[in-house]
Structures are given as structure tokens and as C-alpha cells.
Amino acid sequence: KATINGKPLVKETIELSNAKERSAPFNITDPQPLAWLLFGVVAILSAFEWRKKTLFKAIDVAFLLVFGAVGALVFFLWFFTEHTATNNNLNILWAWPTHWIALGFIWFGKPRRAYFKVYGAVMFITALCFWFLPQGMHPATLPLILLALVRSISNVRFEKLTA
């Protein structure tokens, strides 16, 4: 509808695509439902272990292995390659490559508690600031951050109960 001296600026309009926006059907294997399901399972197991006053170290071993692998990959791509898309990747906030080191002292109370205190504090701050971070993270990472927070609280709490 723009004009110059009374003449239309555009001679004709041609619609190239008549596609309508489609919504994808719900699928449990999509990242968000899968991450929330994983969070729910870990939260329920953590609540069960709190009630029994025990610690399921197998959960922590799996958690540290997987999150550590993601952290190692992010760290490697950030610092040792020239992939510009992975520079300053804030996923390093929740996926620490040091998790693999933490696996070595998961059976020792005080070092495990200290590690999970620091990690839990970072997860709490990351969860609070999730929507305000300068890098937009996929919404499926929020349940993973909350999962990490639950496991951190569980480990710190267990050490207080057994101390």
C-alpha cells in the first residue's frame, strides 16, 4: 500500500507459498517431554531415597557420566576446535566436564558433599536465571538443570543425615 507521488511502490504481489503453519503432534520422544520424564523419574527416586535415608549412587554415577560427557564435548568444541557456533556455549553451566573427575570420589562423603554443594549452588542460580541468560538455551535443558539440582540436594542432604 506504499505509494510514491500517488503511484503504488509495488506493481503486483505474488504469494509464493500458501502453506499454513502446522503444529507438530505430541511425541514423548521429543526433547522436552523426554527431559521432563527423566526429571520426574529421578525426582521420584530421590524422594524415595530421602524417605529411606539412603543414597542411590547408581543414579549419580549415570548422571555424572552422561552430564560429564556432554560437558567434555562442549569444552572440547569450545576450546580445541574452530567451531564458531560452540564458542561461549553456556551449556557448560549445567554440563561440567569435571563430573568425570567427581566420579573418582563419589564414594567418599566429604569431597562428594563439597562438590555437590558448589554444583548445586550453580544449578540453583542457573535455574533462576534460565530465561535471562544471554544465550537462549533449549527449554529441554531446564528439567536437566532441575535434575542436577535435585541430585545435588540429595547428596548434600544424605551427608548431613549420616554425619
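Visitor: Is Glu-49 buried or exposed?

Guide: Let's start by saying that this is a predicted model. Glu-49 has its place in helix H1, which covers residues 31-52. Buried means under 20% relative accessible area. The relative accessible area of Glu-49 is 0%, so Glu-49 is buried.

Visitor: Which side chain does Glu-49 join in a polar contact of 2.6 Å?

Guide: Not counting residues up to four places away in sequence, Glu-49 touches Thr-54, Leu-55, Phe-56, Arg-151 and Ser-154. From that set of neighbours, the polar contact of 2.6 Å links the side chain of Glu-49 to the side chain of Arg-151.

Visitor: Which side chain is joined to that of Asn-155 by a polar contact of 3.0 Å?

Guide: Asn-155 lies in helix H5, made of residues 141-162, and is buried with a relative accessible area of 0%. Leaving out residues up to four places away in sequence, Asn-155 touches Leu-55, Asp-60, Arg-112 and Phe-116. The polar contact of 3.0 Å runs from the side chain of Asn-155 to that of Arg-112.

Visitor: What is the phi of Asn-5, about?

Guide: Here is a handy background point: most residues other than glycine have a negative phi. Asn-5 sits in the loop between strand E1 (3-4) and strand E2 (7-8). Although Asn-5 is not a glycine, its phi is positive, at about 50°.

Visitor: Is Asn-5 buried or exposed?

Guide: A residue counts as exposed when its relative accessible area is over 50%. Asn-5 has a relative accessibility of 79%, so the word for Asn-5 is exposed.

Visitor: Where is Lys-53?

Guide: Lys-53 is a residue other than glycine with a positive phi, near 55°. Lys-53 also counts as exposed, at 57% relative accessibility. Its place is in the loop between H1 and helix H2 (57-79).

Visitor: What does Phe-76 count as, at 43% relative accessibility?

Guide: Phe-76 has its place in helix H2. Buried is under 20%, exposed is over 50%, and there is a class in between. Because its value is 43%, Phe-76 counts as partly exposed.

Visitor: Which pattern does the protein chain follow, read along the sequence?

Guide: The protein chain has five helices and two strands. Reading along the sequence puts them in the order β-β-α-α-α-α-α.

Visitor: What is the radius of gyration of the protein chain?

Guide: For 163 residues, the globule rule gives 15 Å. The protein chain is well over that value, so it is more spread out than a compact globule. Its C-alpha atoms fill a box of roughly 85 × 35 × 25 Å along the principal axes. The radius of gyration itself is 23 Å.

Visitor: How far apart do the centres of the positive and negative side chains lie?

Guide: The protein chain has 16 positive side chains and 8 negative ones.

Technical notes: Residues are numbered from 1 along each chain as its sequence is written. This is a predicted model: local features need pLDDT of at least 70, side-chain atom pairs count only at pLDDT 80 or more; totals for chains, interfaces and linings use all residues. Side-chain values use heavy atoms; hydrogens and water are left out. Helices (H or I, at least four residues) and strands (E, at least two) are DSSP runs, numbered from the N terminus. Buried means under 20% relative accessible area, exposed over 50%, partly exposed in between (1.4 Å probe, protein chains only). A polar contact is a pair of N or O atoms within 3.5 Å; within protein, one must be able to donate a hydrogen and the other to accept it, and residues adjacent in sequence count only if both atoms are side-chain atoms. Contact means heavy atoms within 4.5 Å. The radius of gyration is taken over C-alpha atoms; the globule rule is 2.2 Å times the number of residues to the power 0.38. Lys and Arg count as positive and Asp and Glu as negative; His and the chain ends are not counted. The place of a charge is taken as NZ of Lys, CZ of Arg, CG of Asp or CD of Glu.
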